[in-house]
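Welcome! Take a moment to turn the model around on your screen, and then let us walk through some of its features together.

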Amino acid sequence: MKHLKVPVLAINFKAYPTSFGVKALEIAKAAEKVAQEYGVEVIVIPPATELRKIVESVSIPVYAQHADPYEYGAYTGWLPVVALKDIGVRGILVNHSEHRLRLDEIVAIVEAAKKYGLETLVCADTPIAAAAIAAIKPVALAVEPPELIGTGIAVSKAKPEVITNTVQRVREVNKEVIILTGAGISTAEDVEAAIRLGTAGVLVASAIMKAQNPEKVIKDMAAVAKAAYK
Ligand SMILES: O=C(CO)COP(=O)(O)O
């Protein structure tokens with residue numbers, strides 16, 4: 001199984017108008033171009049409707065925004081992990097604050113992903129939650145204070161202690177998991193600050209999905225991540 005390289009720039013497409021159709025494909029291709037130019041791991045995380053097309057169109061890691069720990073069978077309205085494996089996604093974003101799960105559900109999804117060789121990037125809203133999630137041994141985790149999501153106020157500037165506390169608590173439990181942060185990350189400086197505070201990258205949404213020029217934002221963030229990560 002391939003493993004995520006660091007530093008990581010993960011782009012959560014969410015469900016913006018640009019998250020679907022031609023625009024979504026353009027952003028995914030821009031992400032692929034920047035990943036190849038800078039040698040930075042850029043992950044795209046589009047809505048479920050766009051997964052197959054984007055998996056078939058780019059060589060960079062494509063993650064689903066959620067999955068359910070089911071096999072094939074009589075499940076209505078769910079997204080079985082095994083189906084994502086067959087589509088060819090690389091991993092799954094789990095427990096985003098906009099799709100919050102119970103701990104037992106997170107465990108089931110991470111275990112199902114491991115069974116099918118898929119990576120997991122599990123979100124946490126606090127340092128303590130991040131430490132609990134680290135014990136489940138996902139490939140990566142991202143600490144994101146919900147109150148900063150979508151505000152343009154970067155966690156790495158407004159709440160740096162959330163990041164440093166997360167790194168400290170997580171490393172007491174798990175020396176391997178890749179630690180990212182997100183919420184309000186909007187500029188290259190925000191990315192540089194996040195890495196300087198001890199993360200291996202960022203999880204970004206609106207700064208890219210709402211940008212006039214998404215490729216430029218991706219490029220600026222990837223360049224500074226490459227330079228800052230030691
Ligand atoms: O939720 C987030 C990433 O998953 C952060 O969202 P913003 O980048 O829009 O603040």
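## A starting point

In which segment is Pro 7 found? In this predicted model, Pro 7 belongs to the segment before strand 1 (8-12). Its link to Val 6 deserves a look: the peptide bond joining Val 6 and Pro 7 is cis, with omega at about 5 degrees.

How do we look for gaps inside a protein? Rolling a probe the size of a water molecule over the atoms shows where empty space is left. For this model, the count comes to 1 cavity of 30 Å³ or more. The volume of the largest cavity is about 120 Å³. It is lined by 15 residues, and the closest to its centre are Ala 183, Gly 184, Leu 203, Val 204 and Ala 205.

Two elements give two or more residues to this lining: strand 8 (201-204) and helix 9 (206-209).

## The ligand and its neighbours

Where does the ligand sit? You will find the ligand in the largest cavity. The residues around the ligand include Asn 12, Lys 14, Ile 149, Gly 150 and Ser 206. Ala 183, Gly 184, Leu 203, Val 204 and Ala 205 are also among the residues around the ligand. This shell divides into 5 nonpolar, 5 polar and 2 charged residues.

Now zoom in on the oxygen atoms of the ligand. A polar atom in the side chain of His 96 is 2.7 Å from a ligand oxygen. For Ala 205, a backbone N or O atom lies 2.9 Å from an oxygen atom of the ligand. Glu 144 has a side-chain N or O atom 3.2 Å from an oxygen atom of the ligand. How much of the ligand's accessible area does the protein cover? On its own the ligand has 310 Å² of accessible area, and the protein covers 100% of it.

## An open pocket

Finally, let us visit the largest pocket, which holds about 180 Å³ of space. Its lining is made of 10 residues, with Pro 138, Val 139, Glu 176, Val 177 and Ile 178 nearest its centre. Which kinds of residue line the largest pocket? They divide into 6 nonpolar, 2 polar and 2 charged.

Methods
Residues are numbered from 1 along each chain as its sequence is written. This is a predicted model: local features need pLDDT of at least 70, side-chain atom pairs count only at pLDDT 80 or more; totals for chains, interfaces and linings use all residues. Side-chain values use heavy atoms; hydrogens and water are left out. On a 1 Å grid over the protein atoms alone, a cavity is a set of points where a 1.4 Å probe fits but cannot get out, and a pocket is an open set with protein on both sides within 12 Å along at least five of seven lines; lining residues have an atom within 4 Å of a point. Grid points are joined across faces, edges and corners, and a volume is the space filled by probe spheres set on the points. Helices (H or I, at least four residues) and strands (E, at least two) are DSSP runs, numbered from the N terminus. A residue is near a molecule or strand if one of its heavy atoms lies within 4 Å of it. A polar contact is a pair of N or O atoms within 3.5 Å; within protein, one must be able to donate a hydrogen and the other to accept it, and residues adjacent in sequence count only if both atoms are side-chain atoms. Accessible areas come from the Shrake-Rupley method with a 1.4 Å probe; for residues, only the protein chains shown count as cover. A molecule sits in a cavity or pocket if more than half of its atoms lie within 2 Å of its grid points. Ala, Val, Leu, Ile, Met, Phe, Trp, Tyr, Cys and Pro count as nonpolar, Asp, Glu, Lys and Arg as charged, and the others, Gly among them, as polar.
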